[in-house]
Amino acid sequence: MTSSNSDQRWLTQLLSIERGANFHLSELPFYQIAKTDPERLVQFQRAFDAWIVETHEKYVSKGGTNYLRIS
């Protein structure tokens, strides 16, 4: 089974996050690029949250203010 381009994009963002670790969006590499552009940052977060739903939380689970790296 191969990952889709979307999965590969987000999994690349997660490389620095240990499995089982809680993290905030600000810890992902793309955040460093998007943080100066509020509109881009909102788009990034919406796309990331949508990917989590699309993958049925296979890789990441979303909490109230943070995320949990699952696999």
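**Fold and aromatic cluster of the predicted model**

The protein chain has 3 helices and 3 strands, where helices (H or I, at least four residues) and strands (E, at least two) are DSSP runs numbered from the N terminus; from that end on, the elements run α-β-α-α-β-β. The structure is a predicted model, in which local features need pLDDT of at least 70 and side-chain atom pairs count only at pLDDT 80 or more, while totals for chains, interfaces and linings use all residues. Residues are numbered from 1 along each chain as its sequence is written, and side-chain values use heavy atoms, with hydrogens and water left out.

Buried residues make up 32% of the 71 residues in the protein chain, where buried means under 20% relative accessible area, exposed over 50%, and partly exposed in between (1.4 Å probe, protein chains only).

Rings of Phe, Tyr and Trp (its six-membered ring) were paired if their centres lie within 6.5 Å, with planes under 30 degrees apart counted as stacked, over 60 as edge-to-face and the rest as tilted. By this rule the count comes to 9 aromatic pairs. The rings of W10 and F44 have centres 5.3 Å apart and planes at 40 degrees, so this pair is tilted; because W10 lies in helix α1 (residues 5-13) and F44 in helix α3 (residues 38-54), the pair ties together parts that are 34 residues apart in sequence. W10 is buried at 1% relative accessibility, and F44 is buried at 2%. For F48 and Y67, ring centres 5.1 Å apart and planes at 65 degrees give an edge-to-face pair, and both residues are buried. Ring pairs link W10, F23, F30, F44, F48, W51, Y59 and Y67 into a cluster.
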